[in-house]
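Please keep the structure in view while reading.

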Amino acid sequence: MARDPRYDILFEPVQIGPVRTKNRFYQVPHCNGMGYRDATALATMRAVKAEGGWGVVCTEQVEIHPSGDIAPFIELRNWDEQDVPMLARIADAVHAHDALAGLQLAHNGMNAPNLYSREIPMGPQDLPVFSIFNDPVQARAMDKEDIRNLRRWHRNGALRAKRAGYDIVYVYAGKLFGGAMFFLSRRFNNRSDEYGGSLENRARLLKELIEETKDAVGGTCGVACRISVDELLGEDGLHAAEARDIISHLAELPDLWDVNIANFPA
(Lines give C-alpha, C1' and ligand atoms only; values in the text may rest on other atoms or scores of the structure.)
Protein backbone atom coordinates (compact mmCIF):
# COMPACT_ATOMS: atom_id res chain seq x y z
CA MET A 1 0.00 0.00 0.00
CA ALA A 2 1.38 3.39 -0.96
CA ARG A 3 2.05 5.86 1.84
CA ASP A 4 -0.28 8.85 2.06
CA PRO A 5 1.88 11.74 0.77
CA ARG A 6 0.65 13.93 3.64
CA TYR A 7 3.03 11.97 5.89
CA ASP A 8 6.09 12.15 3.66
CA ILE A 9 7.58 14.93 5.78
CA LEU A 10 7.85 12.53 8.74
CA PHE A 11 10.30 10.42 6.77
CA GLU A 12 12.59 13.27 5.76
CA PRO A 13 16.03 13.49 7.41
CA VAL A 14 16.82 16.38 9.78
CA GLN A 15 20.20 17.97 10.43
CA ILE A 16 20.97 18.47 14.15
CA GLY A 17 24.32 20.22 14.31
CA PRO A 18 26.92 17.83 12.84
CA VAL A 19 24.62 14.78 12.83
CA ARG A 20 21.69 13.87 10.61
CA THR A 21 18.62 11.83 11.48
CA LYS A 22 17.13 9.37 9.01
CA ASN A 23 13.59 10.59 9.75
CA ARG A 24 11.58 12.82 12.10
CA PHE A 25 10.55 10.10 14.56
CA TYR A 26 12.29 11.31 17.70
CA GLN A 27 12.04 9.54 21.06
CA VAL A 28 12.70 12.24 23.62
CA PRO A 29 14.41 11.45 26.94
CA HIS A 30 12.21 9.54 29.37
CA CYS A 31 12.82 7.51 32.52
CA ASN A 32 11.71 3.92 32.95
CA GLY A 33 13.04 2.76 36.34
CA MET A 34 15.88 0.61 34.97
CA GLY A 35 18.77 3.06 35.09
CA TYR A 36 22.20 2.01 36.35
CA ARG A 37 20.73 -1.10 37.98
CA ASP A 38 19.37 -2.84 34.87
CA ALA A 39 21.61 -1.64 32.06
CA THR A 40 21.14 -4.69 29.82
CA ALA A 41 17.35 -4.46 30.01
CA LEU A 42 17.56 -0.74 29.34
CA ALA A 43 19.80 -1.22 26.30
CA THR A 44 17.40 -3.88 24.98
CA MET A 45 14.38 -1.64 25.43
CA ARG A 46 16.03 1.28 23.62
CA ALA A 47 17.14 -1.11 20.85
CA VAL A 48 13.54 -2.22 20.32
CA LYS A 49 12.57 1.40 19.74
CA ALA A 50 15.39 1.84 17.22
CA GLU A 51 14.46 -1.41 15.49
CA GLY A 52 10.89 -0.12 15.23
CA GLY A 53 12.08 2.76 13.08
CA TRP A 54 12.72 5.72 15.35
CA GLY A 55 15.36 8.01 13.89
CA VAL A 56 16.58 9.19 17.31
CA VAL A 57 16.36 7.27 20.59
CA CYS A 58 17.38 9.10 23.77
CA THR A 59 18.22 7.94 27.27
CA GLU A 60 16.51 9.13 30.41
CA GLN A 61 18.10 11.93 32.43
CA VAL A 62 21.60 10.81 33.39
CA GLU A 63 23.09 12.02 36.68
CA ILE A 64 26.48 13.68 36.22
CA HIS A 65 27.60 13.77 39.87
CA PRO A 66 26.78 12.23 43.29
CA SER A 67 25.55 15.63 44.51
CA GLY A 68 22.58 15.29 42.16
CA ASP A 69 21.33 11.90 43.38
CA ILE A 70 17.55 11.32 43.53
CA ALA A 71 17.59 7.84 45.14
CA PRO A 72 15.47 5.79 45.77
CA PHE A 73 14.58 6.49 42.12
CA ILE A 74 16.81 4.56 39.71
CA GLU A 75 18.41 6.65 36.99
CA LEU A 76 21.34 6.20 34.69
CA ARG A 77 24.62 7.56 36.02
CA ASN A 78 27.48 9.34 34.33
CA TRP A 79 29.43 10.07 37.49
CA ASP A 80 32.86 8.97 36.31
CA GLU A 81 34.79 6.82 33.86
CA GLN A 82 33.49 3.53 35.22
CA ASP A 83 30.03 4.43 33.88
CA VAL A 84 31.22 4.79 30.26
CA PRO A 85 31.02 1.08 29.29
CA MET A 86 27.41 0.84 30.52
CA LEU A 87 26.43 4.00 28.64
CA ALA A 88 28.22 2.73 25.53
CA ARG A 89 26.22 -0.51 25.65
CA ILE A 90 23.02 1.50 25.25
CA ALA A 91 24.39 3.66 22.43
CA ASP A 92 25.68 0.58 20.61
CA ALA A 93 22.27 -1.10 20.88
CA VAL A 94 20.60 1.95 19.32
CA HIS A 95 23.22 2.22 16.56
CA ALA A 96 22.75 -1.44 15.66
CA HIS A 97 19.42 -0.46 14.11
CA ASP A 98 20.66 2.65 12.28
CA ALA A 99 19.28 5.23 14.73
CA LEU A 100 21.01 8.12 16.48
CA ALA A 101 21.56 7.84 20.23
CA GLY A 102 20.96 10.81 22.53
CA LEU A 103 22.02 11.22 26.18
CA GLN A 104 20.44 13.73 28.57
CA LEU A 105 22.94 15.10 31.08
CA ALA A 106 21.33 16.13 34.35
CA HIS A 107 22.33 17.57 37.67
CA ASN A 108 19.13 17.43 39.70
CA GLY A 109 20.00 20.42 41.86
CA MET A 110 17.42 21.17 44.55
CA ASN A 111 15.35 18.17 43.45
CA ALA A 112 18.05 15.84 44.79
CA PRO A 113 17.88 14.88 48.50
CA ASN A 114 21.07 12.79 48.02
CA LEU A 115 19.81 9.97 50.23
CA TYR A 116 22.32 7.57 48.67
CA SER A 117 25.38 9.76 48.20
CA ARG A 118 24.83 11.77 51.43
CA GLU A 119 26.13 14.88 49.65
CA ILE A 120 24.66 18.22 50.75
CA PRO A 121 22.11 19.31 48.10
CA MET A 122 22.75 22.58 46.26
CA GLY A 123 20.65 25.19 44.51
CA PRO A 124 20.50 28.88 43.74
CA GLN A 125 19.50 29.72 47.33
CA ASP A 126 19.07 28.20 50.79
CA LEU A 127 15.76 26.31 50.65
CA PRO A 128 14.38 22.85 51.48
CA VAL A 129 14.88 20.42 48.62
CA PHE A 130 12.01 20.35 46.13
CA SER A 131 11.72 16.56 45.95
CA ILE A 132 8.71 14.38 45.18
CA PHE A 133 8.50 13.12 48.77
CA ASN A 134 9.18 16.54 50.32
CA ASP A 135 12.22 15.07 52.05
CA PRO A 136 13.21 17.02 55.20
CA VAL A 137 16.58 18.00 53.73
CA GLN A 138 17.97 21.51 53.31
CA ALA A 139 19.76 22.62 50.16
CA ARG A 140 22.49 25.22 50.48
CA ALA A 141 23.00 28.17 48.18
CA MET A 142 25.70 27.58 45.58
CA ASP A 143 28.68 29.91 45.74
CA LYS A 144 30.88 30.75 42.75
CA GLU A 145 33.13 27.74 43.34
CA ASP A 146 30.08 25.44 43.39
CA ILE A 147 28.94 26.88 40.07
CA ARG A 148 32.40 26.41 38.57
CA ASN A 149 32.38 22.82 39.83
CA LEU A 150 28.96 22.16 38.31
CA ARG A 151 30.12 23.50 34.97
CA ARG A 152 33.20 21.26 35.12
CA TRP A 153 31.14 18.18 36.06
CA HIS A 154 28.78 18.90 33.18
CA ARG A 155 31.58 19.33 30.66
CA ASN A 156 33.23 16.11 31.84
CA GLY A 157 29.89 14.31 31.56
CA ALA A 158 29.52 15.57 27.99
CA LEU A 159 32.99 14.30 27.10
CA ARG A 160 32.19 10.89 28.59
CA ALA A 161 28.95 10.80 26.56
CA LYS A 162 30.99 11.49 23.44
CA ARG A 163 33.44 8.71 24.31
CA ALA A 164 30.49 6.36 24.88
CA GLY A 165 29.40 6.96 21.29
CA TYR A 166 26.37 9.24 21.64
CA ASP A 167 25.34 11.42 18.72
CA ILE A 168 23.27 14.00 20.63
CA VAL A 169 24.10 15.39 24.08
CA TYR A 170 21.43 17.21 26.08
CA VAL A 171 21.65 20.14 28.45
CA TYR A 172 18.66 19.80 30.77
CA ALA A 173 16.68 22.67 32.29
CA GLY A 174 13.22 21.15 32.62
CA LYS A 175 10.55 19.92 35.02
CA LEU A 176 12.54 21.11 38.08
CA PHE A 177 14.80 18.08 37.64
CA GLY A 178 17.40 19.80 35.48
CA GLY A 179 19.18 21.95 38.07
CA ALA A 180 19.53 24.91 35.69
CA MET A 181 15.74 25.35 35.78
CA PHE A 182 15.92 26.30 39.46
CA PHE A 183 18.12 29.22 38.39
CA LEU A 184 15.63 30.21 35.67
CA SER A 185 12.65 30.21 38.04
CA ARG A 186 12.10 33.29 40.21
CA ARG A 187 10.40 31.02 42.77
CA PHE A 188 13.75 29.47 43.62
CA ASN A 189 16.24 32.14 42.65
CA ASN A 190 16.45 35.39 44.62
CA ARG A 191 20.20 35.81 44.15
CA SER A 192 21.63 39.32 43.89
CA ASP A 193 24.76 38.37 41.92
CA GLU A 194 25.19 37.80 38.17
CA TYR A 195 23.21 34.55 38.42
CA GLY A 196 20.02 36.14 39.79
CA GLY A 197 17.59 38.97 39.19
CA SER A 198 17.15 39.76 35.51
CA LEU A 199 16.18 37.13 32.98
CA GLU A 200 19.62 37.41 31.40
CA ASN A 201 21.25 36.70 34.77
CA ARG A 202 18.93 33.80 35.63
CA ALA A 203 19.68 32.25 32.23
CA ARG A 204 23.44 32.72 32.65
CA LEU A 205 24.13 29.23 34.02
CA LEU A 206 22.11 27.57 31.26
CA LYS A 207 23.92 29.65 28.65
CA GLU A 208 27.30 28.63 30.07
CA LEU A 209 26.34 24.95 30.14
CA ILE A 210 25.19 25.02 26.51
CA GLU A 211 28.26 26.91 25.31
CA GLU A 212 30.67 24.64 27.18
CA THR A 213 28.90 21.49 25.99
CA LYS A 214 29.11 22.66 22.38
CA ASP A 215 32.78 23.48 22.88
CA ALA A 216 33.39 19.99 24.28
CA VAL A 217 31.45 17.87 21.78
CA GLY A 218 29.93 20.13 19.16
CA GLY A 219 32.24 19.07 16.35
CA THR A 220 30.92 15.50 16.43
CA CYS A 221 27.69 15.57 18.49
CA GLY A 222 24.52 17.56 18.21
CA VAL A 223 23.73 19.59 21.35
CA ALA A 224 20.10 19.80 22.45
CA CYS A 225 18.54 21.85 25.24
CA ARG A 226 15.46 20.56 27.01
CA ILE A 227 13.51 23.28 28.77
CA SER A 228 10.11 23.56 30.44
CA VAL A 229 8.18 26.48 29.03
CA ASP A 230 5.43 26.76 31.64
CA GLU A 231 4.95 25.68 35.28
CA LEU A 232 1.21 26.44 34.95
CA LEU A 233 1.48 28.82 37.92
CA GLY A 234 1.07 32.06 36.01
CA GLU A 235 3.59 34.75 36.89
CA ASP A 236 4.35 32.98 40.19
CA GLY A 237 6.42 30.49 38.22
CA LEU A 238 8.25 30.19 34.94
CA HIS A 239 5.57 30.91 32.34
CA ALA A 240 5.21 30.83 28.59
CA ALA A 241 5.97 34.50 27.86
CA GLU A 242 9.12 34.38 29.98
CA ALA A 243 10.19 31.08 28.42
CA ARG A 244 9.87 32.64 24.97
CA ASP A 245 12.19 35.41 26.11
CA ILE A 246 14.69 32.87 27.46
CA ILE A 247 14.68 30.91 24.20
CA SER A 248 14.98 34.14 22.20
CA HIS A 249 17.91 35.21 24.39
CA LEU A 250 19.74 31.90 23.85
CA ALA A 251 18.43 31.60 20.29
CA GLU A 252 20.76 29.55 18.08
CA LEU A 253 23.11 28.30 20.82
CA PRO A 254 21.79 24.71 20.93
CA ASP A 255 21.33 22.69 17.76
CA LEU A 256 17.85 21.65 18.90
CA TRP A 257 15.27 22.90 21.39
CA ASP A 258 13.17 20.25 23.16
CA VAL A 259 10.32 21.96 25.02
CA ASN A 260 7.75 20.61 27.48
CA ILE A 261 5.37 21.58 30.27
CA ALA A 262 6.89 21.52 33.77
CA ASN A 263 3.83 20.05 35.45
CA PHE A 264 3.73 16.26 35.17
CA PRO A 265 -0.10 15.83 35.36
CA ALA A 266 -0.37 18.19 32.37
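Two residues are said to be in contact when they have heavy atoms within 4.5 Å of each other. By that criterion, and not counting residues up to four places away in sequence, D146 touches M122, R140 and A141 in this predicted model. The residue itself is placed in helix α3, which covers residues 144-163, and it counts as buried, because its relative accessibility is 7% and the cut-off for burial is under 20%.

**Overall fold**

- The chain is built from 7 helices and 12 strands, and its radius of gyration of 18 Å is close to the 18 Å that the globule rule gives for 266 residues, so the chain is as compact as a globular protein of that length.
- Along its principal axes, the C-alpha trace spans about 60 × 40 × 35 Å.
- Of the contacts between residues at least 6 apart in sequence, 66% join residues that are at least 24 apart.

**Burial, surface and charge**

- Buried residues account for 54% of the 266 residues in the chain.
- The chain exposes about 11700 Å², and carbon and sulfur atoms supply 53% of that area.

**Cysteines**

- A search of the whole structure finds 0 disulfides, a result that can be followed through two of the cysteines, C31 and C225.
- For C31, the closest cysteine sulfur is that of C58, and the distance of 12 Å is too far for a bond, since a disulfide requires sulfur atoms within 2.5 Å.
- For C225, the closest cysteine sulfur is again in C58, at 13 Å, which is likewise too far for a bond.

**The setting of I210**

- I210 is found in helix α6, which covers residues 204-217, and it is buried, with a relative accessible area of 0%.
- I210 and E235 are 25 residues apart in sequence, and their C-alpha atoms are 26 Å apart in space.

**Backbone features in loops**

- The peptide bond from A71 to P72 is cis, with omega near 15°, and P72 is placed in the loop between β4 (56-63) and β5 (76-77).
- L232 has a positive phi of about 60° although it is not a glycine; this residue is found in the loop between β11 (222-228) and α7 (240-250), where it is partly exposed, with a relative accessible area of 48%.
- A251, another residue other than glycine, has a positive phi, with a value near 40°; A251 lies in the loop between α7 and β12 (256-260) and counts as partly exposed at 32% relative accessibility.

Technical notes
Residues numbered from 1 in each chain as written. Predicted model: local features only at pLDDT ≥ 70, side-chain atom pairs only at ≥ 80, totals over all residues. Heavy atoms only, no water. Helix = DSSP H or I, 4+ residues; strand = E, 2+ residues; numbered from the N terminus. Rg over C-alpha atoms; globule rule 2.2 N^0.38 Å. Buried < 20%, exposed > 50% of the residue type's maximum accessible area, 1.4 Å probe, protein only. Areas by Shrake-Rupley, 256 points an atom, 1.4 Å probe, with all protein chains shown as cover.
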